[in-house]
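Let's take a walk through a protein complex together.

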Amino acid sequence: MDLFKSTVGRKILMAVTGLMLVGFISVHLLGNLSVFAGADAINAYAKHLHDLGPLVWVFRLAMLGLFAVHITFGVQLYLENRAATPDSYAVQKTLVTTFSAKTMVFTGLIVLAFLLYHLLHFTVQITNPDTAAHNLPLVHGHLDVFTMVTASFQNGFIAVVYIIAMIALTLHIFHGISSWVQTLGLSTGTSQDKVIFIGKIVAIAYGLAYIAIPLLLLARIVK
Amino acid sequence: MNLTLHVWRQKGPQDKGKLETYPANNISSDQSFLEMLDDVNEELIKKGQDPIAFDHDCREGICGMCSQVINGRPHGHEERTTVCQLHMRQFDDGDEIFIEPWRAKAFPVQKDLIVDRSALDAIMQSGGYSSCHTGGVADGNAILIGKPVADYAMDAAECIGCGACIAACPNSSAMLFTSAKVAQLAALPQGEPEAKKRVKAMTQAILDEGFGNCTNHYECEAACPKGISVKFIAKLNREYLKSLVPTSTES
């Protein structure tokens, strides 16, 4: 189909899947922040997710599809763009592009590597068996997700890995979060700058909120 | 003023090429950049050396022939200015100036600063036109076009096809050039009937000619000597999305 081959078609696929993934990290962030509301809040949140049963797997397959499209075309477009630019300038000055826009493929791959670790850590729970919720005593008959999270982030190495990954995610969405407006043909000459500005602010807000969790738990400001 | 030039010298398409250093002495601040290069070439010819080959034609900023990356920026550091309209008063005595050709796989260097930009012609040939019946000359005002639409189309039509957008793009994408043509024609009643076919063919030609994909860096708009806005790329994306939706009159 033309959509999967065309330069604009693939750009639209990147934008739509990217936007859905931003939707995912928005919901995920709201869930994560429940850790600050105490053990009962996050444990109840985890229980609600588990109780969805087969819907969890429908959701996981949909996420897998989104990631597959976003990563496949992201890497493919990057390789094509590299091939289109074989020689570099002796002197080159860029005016408006950002570090974030220039490093999308790298920050994206860092986030992918982190995602795999994150799944092994909190979903499959095999990286740190001592603090895995599966191995902790039940609290009120639920898995003790709260202790798993707080104990994990009191480990400096794990907290730093998460913080670095969230910086990469912030850089990735710093460009991506507003880019879809242009890609889906919604921007006009006058709205362009405002949309980009709002996108950068939102990206930084997401970044700070995500980083706050491991950082505050590591510093033991929140226990 | 006296300047030091670092100029890309390349004997032909197969040659590797390298930067060479030349002095440019007694340059008047009233000269244009190309006139300064003319002076340097006079000196090179007197010494029996090969003059620096560069493209130029109208020297009044409308033909799009002059194509040099000066100190890392296509057409130099002056906003909305072609190389021929860049004047030496914008430089200071003792400046070092790096002059390089457009660099993109789709723009092979022919000699020194001259690149082959036929890839842009190929994009135009793929759909940058509107078909019409020949015959009697149509009445000038037979098709009324509103002023805002006419202005929009004229803004897009300002593109001179110089290729600075591609030279500035980290991906060597020809999206701004293509979008200016797609937007101009799609906005006007004469171009509208072929809009779907055009946007598909022209965006396909971008890849066929070896240009990269647009990732919204917006360096193109910043480098464009005619200030073509990236809003035309949004328009092209819109036209592409529209082309995916079949209408009742299509078989």
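Predicted model: local features only at pLDDT ≥ 70, side-chain atom pairs only at ≥ 80, totals over all residues.

For chain B the mean pLDDT is 96, with 99% of its residues reaching 70 or more. For the complex, the predictor gives an ipTM of 0.94 and a pTM of 0.95.

## Two domains in chain B

Chain B is assigned domain 1 (3-110) and domain 2 (117-130 + 143-244). Going by C-alpha atoms, the centres of domain 1 and domain 2 of chain B are 28 Å apart. Where they meet, domain 1 of chain B puts in 18 residues and domain 2 of chain B puts in 18 residues. On the domain 1 side of that contact in chain B, you'll find eight nonpolar, six polar and four charged residues.

The largest nonpolar core here has 66 residues, and Cys165(B), Ile166(B), Leu176(B) and Cys220(B) have the most contacts inside it. Helix H5 of chain B (residues 175-187) gives the largest share, nine residues. Domain 1 and domain 2 of chain B both supply residues to this core, so it lies between them.

Which residues does Cys165(B) touch, beyond its neighbours within four places in sequence? Its contacts are Leu176(B), Phe177(B), Cys220(B), Ala223(B) and Cys224(B). There's also a second, separate core of 26 residues, including Ile158(A), Ala159(A), Met166(A) and Leu171(A).

## Where the chains meet

Now for the contact between chains: 42 residues of chain B touch 37 residues of chain A. On the chain B side, the elements giving two or more residues are strand E5 (96-100), helix H6 (195-208), helix H7 (219-223) and helix H8 (231-244). H8(B) gives the most, with 10 residues. By class, the chain B side splits into 19 nonpolar, 14 polar and nine charged residues.

## A helix in chain A

Which residues of H6(A) are buried? They are Met104(A), Thr107(A), Gly108(A), Val111(A) and His121(A). Their cover includes helix H4 (54-84), helix H5 (99-102) and helix H8 (156-183) of chain A. An α-helix has 3.6 residues a turn, so residues three or four places apart point the same way.

Key:
Residues numbered from 1 in each chain as written. Chains lettered and ligands numbered in written order. Core = buried A, V, L, I, M, F, W, Y, C linked by C-beta atoms within 7 Å. Buried ≥ 20, exposed ≤ 12 C-beta atoms within 10 Å, placed from the backbone. Helix = DSSP H or I, 4+ residues; strand = E, 2+ residues; numbered from the N terminus. Domains from an automatic or database assignment. Contact = placed C-beta atoms within 7 Å. Nonpolar A, V, L, I, M, F, W, Y, C, P; charged D, E, K, R; others polar. pLDDT = per-residue confidence, 0-100.
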